[in-house]
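The sequence and the model come first, and the description follows.

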Amino acid sequence: MSNGGLDALIEALRCLPGVGPKSAQRMAYHLMQHDRAGAARLGNAIQHALQAIRHCRRCNTLTELEICERCASPKRDPSLLCVVETPVDMNMMEQTLAYHGLYYVLMGRISPLDGLGARQLELDRLLARATDGQVREVILATNYTNEGEATAHYITTMLKSQGVGVTRIARGVPVGGELEFVDSGTLAQALRERRVLAG
Ligand code: ZN
């Protein structure tokens, strides 16, 4: 008897964040024993997403479009560019209802320990985006963690003397705090009280 398929499924599930060997086993057994229809939906959804989803050419977030709806919207202020680490953080900023500019999503942060540097983050794309002639202010809304701070510092240095202002959201966000876990009132205040870093 071969369990190759089941083992492969368990191994594949372990790519999900926070899923260790035990929970991967539980999930695999659950899917195969109790929810084969759910497993099929999951498989199809992943396959479809892999085909359809890509990065927005302007803001780098995940989208099915060449340029995402937010970037294409004429209602947004193109002189403001808010830099966030993840699409989840972008949604947090949106929920504040205090921001009407555009975004750039890093899809990560500088983290030397994980081998993630400026090159892996393709920060030259951000540089090109921020210096397109329309952007007047880059608002750094990376997390107030060591890595988020290091990322903000790197971007500030990169954008210095590029003719755009650089601001950082204020510390309504707690030290070590991740945007994802901050309530939108606090985040809105941090945005209003942002401070100038350069320019
Ligand atoms: Zn976009």
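Four donors count as tetrahedral if all angles lie between 85 and 135 degrees; four count as square planar and six as octahedral if opposite donors are over 155 degrees apart and all others between 65 and 115, and anything else is irregular. Donors are N, O and S atoms within 2.8 Å of the metal (3.2 Å for Na, K and Ca), and water is not among the atoms, so sites may look incomplete.

The model is predicted: local features need pLDDT of at least 70 and side-chain atom pairs count only at pLDDT 80 or more, while totals for chains, interfaces and linings use all residues. Residues are numbered from 1 along each chain as its sequence is written, and side-chain values use heavy atoms, with hydrogens and water left out.

**Metal site**

The zinc ion is held at 2.3 Å by the SG atoms of C56, C59, C68 and C71. Angles among the 4 donor atoms run from 104 to 118 degrees, and the site is tetrahedral. The spacing of the donor residues in sequence is C-x2-C-x8-C-x2-C. Both C56 and C59 are buried, where buried means under 20% relative accessible area, exposed over 50%, and partly exposed in between (1.4 Å probe, protein chains only).

**Overall layout**

The chain has 8 helices and 7 strands. These elements are DSSP runs numbered from the N terminus, with helices (H or I) of at least four residues and strands (E) of at least two. The C-alpha trace spans about 70 × 35 × 35 Å along its principal axes. Of the 199 residues in the chain, 40% are buried. Among contacts (heavy atoms within 4.5 Å) with a separation of 6 or more, 56% join residues 24 or more positions apart.

**Helices α2 and α3**

Helix α2 (residues 21-34) packs against helix α3 (residues 36-52) at an angle of about 115 degrees, and their axes are 6 Å apart. On the α2 side the contact is made by L31, M32 and H34, and on the α3 side by R36, A39 and L42. By class these are 4 nonpolar, 1 polar and 1 charged residues. Here Ala, Val, Leu, Ile, Met, Phe, Trp, Tyr, Cys and Pro count as nonpolar, Asp, Glu, Lys and Arg as charged, and the others, Gly among them, as polar. Axes are lines fitted to C-alpha atoms, for helices over the stretch in contact, and angles run from 0 to 180 degrees between N-to-C directions.

**Nonpolar cores**

A nonpolar core is a set of buried Ala, Val, Leu, Ile, Met, Phe, Trp, Tyr and Cys residues joined through side-chain atoms within 4.5 Å. The largest has 21 residues, and V83, L123, L126, V138, I155 and L159 have the most contacts inside it. Two or more residues each come from β3 (77-84), β4 (101-105), α6 (123-130), β5 (137-140) and α7 (146-159). The largest share, 4 residues, belongs to α7. Another core lies apart from this one and has 18 residues, including C82, M90, Y99 and Y144.

V83 touches Y104, L106, L126, V138, I139, L140, A141, T142 and I155, leaving aside neighbours within four places in sequence.

Helix α5 (residues 87-95) has D89, M90, M92, M93 and E94 buried. Their cover includes α4 (69-72), β3, β4 and α8 (184-192). After α5 comes L97, with a positive phi near 60 degrees.

**Loop residues**

| Residue | Relative accessible area | State |
|---|---|---|
| T61 | 6% | buried |
| N60 | 6% | buried |
| S161 | 77% | exposed |
| N143 | 3% | buried |

T61 sits in the loop between β1 (54-55) and β2 (62-63), and N60 is in the loop between β1 and β2. Not counting residues up to four places away in sequence, T61 touches R54, H55, C56, C68, P87, M90 and V105. T61 and L31 are 30 residues apart in sequence, and their C-alpha atoms are 30 Å apart. N60 is not a glycine, yet its phi is positive, about 80 degrees.

S161 lies in the loop between α7 and β6 (165-168), and its phi, near 60 degrees, is also positive in a residue other than glycine. N143 is in the loop between β5 and α7. From N143 to V84 there are 59 residues in sequence and 8.0 Å in space, C-alpha to C-alpha.
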